Amino acid sequence: MTSHALKNAAAAKMSAQAAPVRRKPGALARAADTMVGRGLIQALAVAAFFAAWEVAVRAGWLTEFLVGAPTGIWRVFAAAMADGSLPVDTWYTLIEAILGFVIGTALGSLAGLGLWYSVFIARLVEPFIVAINSVPKIALAPIIILWFGTGFISKVALAVSLTALVALIAAYQAARDADPDLQALLASMGATKNRIFRSVIVPSTLPAIIGMFRINIGFALVGAVVGEFISSQRGLGHLIYTASSLYDLNTVWVGLFVLMFVGFVLYHLIDFAERRILPWRQVSTAGQVQV
Amino acid sequence: MTAPKVQLSLRGIRKSFPGKAGPVPVLDGLTFDIYERDFVSIIGPSGCGKTTVFNVIAGLLEPDGGTMMFRGEIVPGLRGRVGYMMQKDLLFPWRTVLQNVMLGLEMKGVAQGEALDTAREYLSTFGLSGFENAYPKTLSGGMRQRTALIRTLIMDPDILLLDEPFSALDYQTRLYLEGVLLDAVETFNKTVVLVTHDIDEAVALSKRVVVLGNRPTKVKAVHDIGLDARSPVGARSDPRFAEYFHTLCGELDIQTRARAA
């Protein structure tokens, strides 16, 4: 073999290695990447996690006393559903969180959007907003309990205190970022300030405001649960707190999983609302580039 | 030919903006007339305050001094009487094409049903039937700008203020939309004031060109453009086109020839 031929062969081998090989996804991969396929994989992963947990407890690798066990959790869940205490606790926490979310988010958003009307007032109150926002709102919980009692109202109030400023800051920021050229265009058409507010400010802040809903639904749940931790007779926070002080880990897990479920459902409700309210933002994923 | 009637007259308009070291004068006694059914282009070096002139005419900025007369009456600005169009199409992303076009009619308080009929009629005149319910982001740049033009025309404004409306488009789309504009202006008997940095566009479209100087800005010269062809391509093919083009380049101190050392 001549050296020339050798070189050629080497080059051919190199290029075969270097050439990007783009394989078409196989039949299995394609079947997996469908709604049903993904759901199946997710369900299997959850089942495997619980099975491993149960096995680890039964084999003695983990202490049930400290981590609970899936079968135990299920027994507590079934009993609490049967005697009706779990639905009542869930209902309490859910209503506290939703009321806190609605009141806090509505007040905050309206105030934030309202600040668009006056640059003077906005600049005047800005340091106060920043100052109040820098207080960790959870630290207000004891005062709120003092003011609003140990019942239902204090949990709603705590959720409001957690959500209102987030909403205010998000709405005000979004209103400030609204396209000034769109406002100028309407002004040139002779629009009043109220008209510009309705036709430009409100619609252009909606995406940011709905994005903030996702954050606030989580904060509202935090407010409700922390309020229940401090003092309460009912609710998932109450359930978790009392059970953990009795080292009843299975009941703690029941409370946590129900909370997770509640948060999950609320998040998807907002997702659904977003698609209905902002049809102009929906992008088709059909044109997305595969990387 | 009878003497043209003055529609809008700017007399000694002055405007300055606050800067770090005191006010920065931008417009320094701007004076020019716009006739009825005129097509005036305003050209000038970049940053000379062309857009400021517009905002003053539109009534979005209050001048520090000078007067503005509309058909013989002193007016503070022409809010609600101008159609304003910019380089950005400024379509409302949350409104469909139809709703965007109806915007100006809504502002005027036209009844919903009547506005709807008028909007549909305009859309079909300008070849956008079938796109009524499309959102702006699904349209091409040319279609978006065409929608913006319809939105401007449908309000039946006294004066169209166009601020580099076509400068973000590719050349073919631009020629096409220039033609649409000229036809529309002819059909609806409109007065147009066009701000552009594009001398070529100014010569091809205008009846007159106002040349502004460097900041603080005054009117440097006003040129009548006597091209007969009233189409964007026809005007550019006219033998006198190059002459006007050359003169205006000279006015703007653009070096048209590499200087020999």
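1. The centres of domain 1 and domain 2 of chain B, taken over C-alpha atoms, are separated by 25 Å. Domain 1 covers 1-81 + 158-256 and domain 2 covers 86-156, with bounds that come from an automatic or database domain assignment. Keep in mind that this is a predicted model: local features need pLDDT of at least 70, side-chain atom pairs count only at pLDDT 80 or more, and totals for chains, interfaces and linings use all residues. As for labels, residues are numbered from 1 along each chain as its sequence is written, while chains are lettered from A and ligands numbered from 1 in the order in which they are written.

2. Now, where the domains of chain B meet: domain 1 gives 15 residues and domain 2 gives 10 residues (contact: C-beta atoms, placed from the backbone, within 7 Å). On the domain 1 side, H5(B) brings the largest share, 7 residues.

3. Next, a sheet in chain B: 6 strands make an open, mixed sheet, ordered E6-E7-E8-E3-E9-E10. Strands here are DSSP runs (E, at least two residues), and helices are too (H or I, at least four), numbered from the N terminus; two strands pair if DSSP finds at least two bridges between them. At the edges sit E6 (82-85) and E10 (219-224) of chain B, each pairing on one side only.

4. Look at E7 (residues 159-163) and E8 (residues 191-195) of chain B: they pair in the parallel sense over 5 bridges. Within that pair, B:Leu160 stands opposite B:Val192.

Technical notes:
Two residues are in contact if their C-beta atoms, placed from the backbone, lie within 7 Å.
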